Amino acid sequence: MTATALLTAQGLGVTLAGRAVLNDISLSLATGHLVALVGPNGAGKTTLLRALAGLVPSDGAIHVGGDALSSLPLRERARRFGYLAQGHIVHWPLPARDIVALGRYPHGATDPSRLTPRDSEAVLRAMQVADVVAFSERRVTELSGGERSRVALARVFAVEAPVILADEPTSSLDPRHQIDVMKSLRAAADKGTLVIVVTHDLGLAARFADRVLVLSDGRLVSHGAAAEALSEQVMADVFRISAYRAEYQREAVIVPWAEI
Amino acid sequence: MNAQNVTVTADVTARRRASVMGALVVLVVLLALVSLGIGPVRLSPLTVIDALFGGGSDVQQVIVREIRLPRTILGCAIGAILGLSGAALQGLLRNPLASPSLFGAPQSAAFGAVLVIALGLADVRSYALPVAAILAAFVSVFALLAIAGRNAGLLILILAGLAISSLAGAATALVMNLSSNPFVVLEIAFWLLGSLEDRSFRHVVLALPFIVAGAIILFQQRNAFRALSLGEETAQSLGVDVDRLRLLVITGVALGVGGAVAVSGTIGFIGLVAPHLMRPLIGHDPARLLVPSALTGAALLLAADIAVRIIPSTSDIKVGVLTSIIGVPFFLYLIMRERRALGGGVA
């Protein structure tokens, strides 16, 4: 595991407005894995994602691809992380293609109307993978929530970064689109990307993730394969619920059931 | 659809943008010629061109090249920097109601300049004037963004802008109130209304370097504005240094608006109106709006400055008064259009 570790953190801590949001987090994540980051509201999931991408100042050391994150210039960091923020915000009604093309910004393609052939190809590839080619010229504000989430995903794929960090990519989507998004991310992981997904949906986490990280009060309290990381004990201690557990088509099934 | 089709549709929109830009350039040139021809002695555009390039009579040459040209150059440059500043602020804050005048930048710049005049630190033709105006504009925009905080909604920005422009207005009033020299007060009062009358090349030299520097700084940030469409966090994850960008935009706006106010007084609402006129034609891409907004700003101010010379009245109407009279109802219309966002408190 350590031999192929792509992203590591040692003693990671984040303090925001005088409050310790994350404490002493150490992890080591391998390429080609889909990692689910779960935990109750306020556990620090989003902050951990931001810290890993270098978007908030943190204590401790983060290494990506063998380089210390703090030693990398902004552009180079941007090439290593595809970051999908919560909510798929787009402030102006831009065409979907221009949004996806922003994924090439870290590669120097700052103007979507002047892409190099290499950037154009990356944009088209990303649009094909996320299945948004059909509405590439439509304004994102005219798209449905599901379509918009796919455009956001395509933008992240267009970075072609070794690490994808996605903050609640499935929230506010219908079940069909949730599966759709998770399958795209799973496919990216299978092609060798390290994908870290913040989610509240333990069912999706159990089914799609190779590893699950459980965060509680800013600490990493459990990690491993879904069945172990989300053991009955962890469900009780961290989430204060019991869950229905089963296996279906050789995938782990976890359905939150009752409060404890 | 394949890669080629995607590129073709992009080309069509690019052609459309190019023709809008071409039309705007032609409009600005025509308005500049009309502006050079209007005054106590009316000259046709052809005579103006002739005189401009050394033809025509000596009198015509003096009228066009020495009396009217500075006014036209300033109208063009100031209108352009106001339009550009508005588009840049709207891009930075991802907010269609952002503009220098709603944020109190010109009012603060005026205060800086008035203070220098009233204290007798400099006469109206020294560089101390634009420098003071620029510093005051910088402080005001910086304070506004610091008070409003990151990801501020429409309501907070507008309230903070209202507070800052009120403060700047009150401070200016106080300076005039305490000033012992009635002539200075009168001079300040007229200048505050905003005007391009009787401007000489000395004024052009005073303002233009700052306006050009501000314009260059703002224009260089264009692609970062596009990345900011996805929010500050995502823009940062794409490699945009958002803190640096903010500082550069504040600096660019302060240089441009401060330089402009130092020679023309406060001319409001062009920065608000220009980007809005361009969005239906150019689209909403904040990067592509910058140059068209600057051209539109130049056209608007030139047109307003022509109008104040044509409109029959007992005394001169100041161009700043005219732009506000037209701009404020437009602002009200925008509030009506955006009221759902305002009411919800989300930008």
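Let me start with one pair of residues: Ser216(A) stands opposite Arg219(A), which belongs to strand β10(A). Please keep in mind that what we are looking at is a predicted model, and I will come back to the predictor's confidence at the end.

The strands around this pair are β9(A) and β10(A), the latter covering residues 219–224 of chain A, and they pair in the antiparallel sense over five bridges. Together they form a hairpin with two residues between the strands, and within that hairpin Asp217(A) takes a positive phi near 50 degrees.

Strand β9(A) has another partner to look at, namely strand β3, residues 34–38 of chain A, and here the pairing is in the parallel sense, over four bridges. In that pairing Leu37(A) stands opposite Leu213(A) of β9(A).

So is β9(A) largely enclosed or largely open? Five of the six residues in this strand, which runs over residues 211–216 of chain A, are buried, and therefore the strand is largely enclosed by the rest of the structure.

Let me now move to another part of chain A, where four strands make an open sheet in the order β2-β1-β4-β5, with antiparallel pairing. At its edges are β2, residues 19–30, and β5, residues 67–68, each of which pairs on one side only.

Stepping back to the whole chain, we count nine helices and twelve strands in chain A. Its radius of gyration is 18 Å, close to the 18 Å that the globule rule gives for 260 residues, so chain A is as compact as a globular protein of that length. The C-alpha trace spans about 55 × 40 × 35 Å along the principal axes of chain A, and buried residues make up 50% of the 260 residues in the chain. Among the contacts in chain A with a separation of 6 or more, 64% are between residues 24 or more positions apart.

Finally, a word on confidence, as I promised. For the complex, the predictor gives an ipTM of 0.92 and a pTM of 0.90, while chain B has a mean pLDDT of 88, with 94% of its residues reaching 70 or more.

Conventions: Residues are numbered from 1 along each chain as its sequence is written. Chains are lettered from A and ligands numbered from 1 in the order in which they are written. This is a predicted model: local features need pLDDT of at least 70, side-chain atom pairs count only at pLDDT 80 or more; totals for chains, interfaces and linings use all residues. The radius of gyration is taken over C-alpha atoms; the globule rule is 2.2 Å times the number of residues to the power 0.38. A residue is buried if 20 or more other C-beta atoms lie within 10 Å of its own, exposed if 12 or fewer, and partly exposed in between; C-beta atoms are placed from the backbone. Two residues are in contact if their C-beta atoms, placed from the backbone, lie within 7 Å. Two strands pair if DSSP finds at least two bridges between them. pLDDT is the predictor's confidence in each residue, from 0 to 100.
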